[in-house]
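Dear colleague,

I am handing over the structure we spoke about, and below it I have set out what was found. Please read the notes with the structure open beside you.

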Amino acid sequence: MAEAGPAGGGGTRYRGALHPDTWEEELEAIPMFMKRCPAEIDAARQPELACLQSLLFDEERGPAELARMYKNEGNEYFRERDYRRAVIAYTEGLKKKCEDPELNAVLHTNRGAAQFYLGNYRSALNDAIQAKKLKPTHLKAVIRGALCHMELKNFSEAIAWCEEGLQIDSKEKKLVEMRAKADKLKRAEERDARKAKVMEKKEQCQKEILLAAIKERNIKLVLEPANEEEEVSDGLAEISLDGFHPDNATGAKVHLDADGNLNWPVLFLYPEHEQTDFIAAFHENSRFIDHLMVMFAELPPWDLERKYLPSNLENFFQLYFEDEERTEMYELNPEHTLLQVLQHERYFVKAGTPTVLAFVKSSPFSKKYFSGKKVHQL
């Protein structure tokens with residue numbers, strides 16, 4: 001039946017005819033003229049396609065025939081590099097549970113290849129294993145399995161799969177080259193593992209020497225547990241050698257120098273100004289006053305009242321450490337060395353970093369801070 005054309009038009013248009021403005025899209029919706037079939041077919045919106053699909057995959061067909069049709073569909077997707085849809089098609093074929101082991105082996109091998117290109121190496125390996133069980137002489141499955149082991153860095157297993165495949169075809173170039181590459185990588189991996197073990201042993205020895213030096217000086221370490229339930233032992237072996245946290249202010253750690261002297265990372269706190277200073281390597285026989293003179297050779301930008309002048313340091317500058325267990329303070333003599341302070345019976349080094357607090361003598365903040373606190377002189 002004809003109907004009137006658009007306004008101003010000179011002709012009539014048949015019912016169901018293609019619209020002149022959208023004819024390309026409308027033509028694409030007709031199954032005969034489709035360039036690509038949609039991934040999901042909605043029977044309500046695309047009845048023609050749903051009908052064709054039911055004809056194509058008629059459940060009256062045998063499982064082997066249906067599995068073969070899904071295999072062919074998957075191969076088409078694979079050629080188009082649409083590996084995700086290829087996996088779906090091969091999986092549908094396997095779901096038909098046909099009794100042809102060779103066909104099932106091919107479906108597993110092909111699905112494994114698609115999974116491989118998607119980067120799903122373990123899934124691809126599982127398919128290669130299943131394919132090899134169904135058909136032990138299926139060379140493509142063996143090659144795929146070897147490739148998967150290479151990607152997973154399982155070089156010993158890759159070599160074993162290559163050798164198994166070479167028993168099927170001793171001249172298979174891919175397997176010959178892959179076995180040589182896997183053997184080279186395996187040797188390199190073993191060499192690196194040996195080097196790492198030697199280095200680990202060396203570091204362990206150095207840490208034990210370091211801890212022995214600390215213990216010999218009667219310096220007490222406190223290592224904070226990783227969680228509330230974990231307890232830290234006082235034994236030398238358990239003081240473990242992970243107690244000197246490398247994640248402090250700069251990654252610096254206590255170490256022995258060439259002369260057998262300890263050098264510590266030391267943290268200075270200035271509570272009045274909420275500032276800190278960090279010395280990465282404080283020699284155990286160095287005096288505090290020596291470091292202070294260097295640190296305050298120039299006034300820090302936060303010292304607006306010019307309290308930390310070098311001329312004030314010896315007479316008006318006070319250093320303390322806190323005994324947290326007893327909530328008491330100990331005043332240090334700036335002429336003391338770091339070792340003298342660390343050897344005090346109430347000084348405990350936490351996380352491998354000694355800490356001291358710095359105050360200006362008799363300042364209002366200092367008086368308030370020490371109000372009600374017991375202070376000892378060293």
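In this predicted model, helix α5 (residues 101-117) and helix α6 (residues 121-134) have axes that come within 8 Å and cross at roughly 165 degrees. Since angles over 145 degrees count as roughly antiparallel, α5 is therefore roughly antiparallel to α6, and the crossing of the two helices is left-handed. On the α5 side the contact is made by Pro101, Asn104, Ala105, His108, Thr109, Arg111, Gly112, Gln115 and Phe116, which meet Tyr121, Ser123, Ala124, Asp127, Gln130, Ala131 and Leu134 of α6. By class, the residues of this contact comprise 7 nonpolar, 7 polar and 2 charged.

Another helix pair is formed by α3 (residues 63-79) and α4 (residues 83-95), whose axes lie 8 Å apart and which pack at an angle of about 170 degrees; α3 and α4 are therefore roughly antiparallel to each other. Here Ala67, Tyr70, Lys71, Glu73, Gly74, Asn75, Tyr77 and Phe78 from α3 meet Tyr83, Arg85, Ala86, Ala89, Tyr90, Glu92 and Gly93 from α4, and the residues of the contact divide into 8 nonpolar, 3 polar and 4 charged.

Sorted by class, the lining of the second largest pocket holds 9 nonpolar, 2 polar and 7 charged residues.

How values were computed:
Residues numbered from 1 in each chain as written. Predicted model: local features only at pLDDT ≥ 70, side-chain atom pairs only at ≥ 80, totals over all residues. Heavy atoms only, no water. Nonpolar A, V, L, I, M, F, W, Y, C, P; charged D, E, K, R; others polar. Axes fitted to C-alpha atoms, helices over the stretch in contact; angles between N-to-C directions. Helix = DSSP H or I, 4+ residues; strand = E, 2+ residues; numbered from the N terminus. Parallel < 35°, antiparallel > 145°, perpendicular 65-115°, else oblique. Left-handed = near helix turned anticlockwise from the far one by under 90°. Contact = heavy atoms within 4.5 Å.
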